[in-house]
Amino acid sequence: MEEKKQGKFKFNAIDVLIILALIACIVGIAFRLGLPQKFLEPEPDQKAEIRFSVNAVDQFFVDQFKDGILLYDADGEEFGSVKDIEVSVSNVYKENDHGVVEKMSHLSLQDVVGTITVTGLVKDDGFYMNGDTWLGVGQYYTVKTESATISFLVTGYTVAE
Amino acid sequence: MESSNAGKKKFSLNFIDVILLLIILCAAALLAYIFMSGGMKNEDSGVECQIEYKIQIKTLREDLKGNVNIGDTVKDASGKYEIGEVTNVTYSPYIFYSVSRDTMQVTASEYPDYVTMVVTAKADAVFKDNTYYVDDCKIYIGAGVDFRTYSFTGSGKFISLEEVTA
């Protein structure tokens with residue numbers, strides 16, 4: 001009875017081959033997803049200061065930008081903190097009767113510029129916020145404050161030494 | 001008799017073994033099919049050459065100037081494909097064309113706060129099917145391109161393309 005029980009759990013050569021094949025599949029999928037690199041990469045701990053611009057917004061939107069406020073990404077993770085806020089009257093570009101575009105000041109809309117301090121990692125092809133989101137001048141990003149969703153344009157950035 | 005039975009038992013397959021073997025055989029067949037079909041596609045490997053092309057961003061905010069540098073690698077916007085290396089960058093005023101309501105003549109004037117940027121890049125390409133390919137990306141005049149360099153990203157158009165000698 002004892003012998004019969006032991007025999008039930010014996011592996012044959014084919015079982016071993018199948019298990020090895022399954023392990024190979026799992027390892028292959030892990031490499032395809034880049035999991036080993038993720039474990040090997042250093043922690044994203046470099047600071048960068050993003051210069052941003054938000055154009056042609058109303059006063060209630062301007063009120064969202066205060067030095068020191070925290071911004072969050074779509075997943076609710078901390079994105080960075082805001083500082084050096086400057087607010088100016090927004091420009092309007094209007095064609096005149098001569099077919100020339102003129103720049104004028106808007107009566108109510110305003111532009112906001114400032115700096116966001118973020119944490120990330122410098123890689124071969126640029127700076128990655130939180131180690132996974134590439135940061136580019138000319139790119140729009142959407143973030144949240146506690147009470148609003150804001151899209152801003154990156155106009156420059158500096159990585160701290 | 002006993003030893004004969006034992007021999008038979010040694011090579012017997014259970015139901016799970018058969019199912020797993022079938023799955024592995026299917027996976028192997030699928031992989032073979034993918035590789036073979038890929039191989040067939042690559043039959044016309046084309047002619048290797050070096051090309052130089054220009055990407056124009058017609059309207060760029062003036063405050064975004066200076067973020068593309070000579071020597072930067074040009075990638076598609078996803079960062080997956082390398083499509084060249086920057087050899088030159090030029091900026092010029094963005095010219096706005098319109099019709100004057102006074103004279104009914106076509107007018108050209110500089111648009112305030114915006115510039116036109118042209119990025120020149122070179123790349124190792126393959127010419128096949130009458131098209132240049134760089135890292136599997138089609139390059140042809142008039143095509144739109146969303147690209148990025150080390151610290152800049154933008155959308156433009158290929159406005160020139162020529163084969164150059166290395």
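Predicted model: local features only at pLDDT ≥ 70, side-chain atom pairs only at ≥ 80, totals over all residues.
The model scores ipTM 0.75 and pTM 0.76. For chain B, the mean pLDDT is 88, and 88% of the residues in chain B reach 70 or more.

Over all chains, the structure holds 14 aromatic pairs. One of them is formed by A:Tyr93 and B:Tyr114, whose rings are arranged edge-to-face, at 6.0 Å centre to centre and with 80 degrees between the planes. The angle is over 60 degrees, so the pair counts as edge-to-face. A:Tyr93 belongs to strand β3 (residues 78-95) of chain A, while B:Tyr114 belongs to strand β4 (residues 106-128) of chain B; the pair therefore joins two chains. A:Tyr93 is partly exposed, with a relative accessible area of 25%. B:Tyr114 is likewise partly exposed, and its relative accessible area is 25%. Within chain A, ring pairs also link A:Phe52, A:Phe65, A:Phe79, A:Tyr141 and A:Phe152 into a cluster.

In chain A, the ring of A:Tyr128 has the charged end of A:Lys123 over it, 4.4 Å from the ring centre. Another such arrangement involves both chains: the charged end of B:Arg148 sits over the ring of A:Trp134, at 4.2 Å from its centre.

A:Ser53 is found in strand β1 (residues 46-57) of chain A. With a relative accessible area of 4%, A:Ser53 is buried, because this value is under 20%. The side chain of A:Ser53 is joined to that of A:Asn55 by a polar contact of 3.1 Å. When neighbours within four places in sequence are left aside, A:Ser53 is in contact with A:Val112, A:Val113, A:Phe152, A:Leu153 and A:Thr155 of chain A, and with B:Arg61 of chain B. A:Phe152, one of these contacts, is also a member of the ring cluster described above.

B:Lys138 is located in strand β6 (residues 137-139) of chain B. B:Lys138 has a relative accessible area of 48% and is partly exposed; the value does not exceed 50%, so B:Lys138 does not count as exposed. Apart from neighbours within four places in sequence, the residues in contact with B:Lys138 are B:Thr131, B:Tyr132, B:Tyr133 and B:Phe158. B:Thr107 is 31 residues from B:Lys138 along the chain, and the C-alpha atoms of these two residues are separated by 36 Å.

Conventions. Residues numbered from 1 in each chain as written. Chains lettered and ligands numbered in written order. Heavy atoms only, no water. Phe/Tyr/Trp six-rings, centres within 6.5 Å; stacked < 30°, edge-to-face > 60°. Helix = DSSP H or I, 4+ residues; strand = E, 2+ residues; numbered from the N terminus. Buried < 20%, exposed > 50% of the residue type's maximum accessible area, 1.4 Å probe, protein only. Lys NZ or Arg CZ within 6 Å of the ring centre and 35° of its normal. Contact = heavy atoms within 4.5 Å. pLDDT = per-residue confidence, 0-100. Polar contact = N/O pair within 3.5 Å; in protein donor to acceptor, adjacent residues only side chain to side chain.
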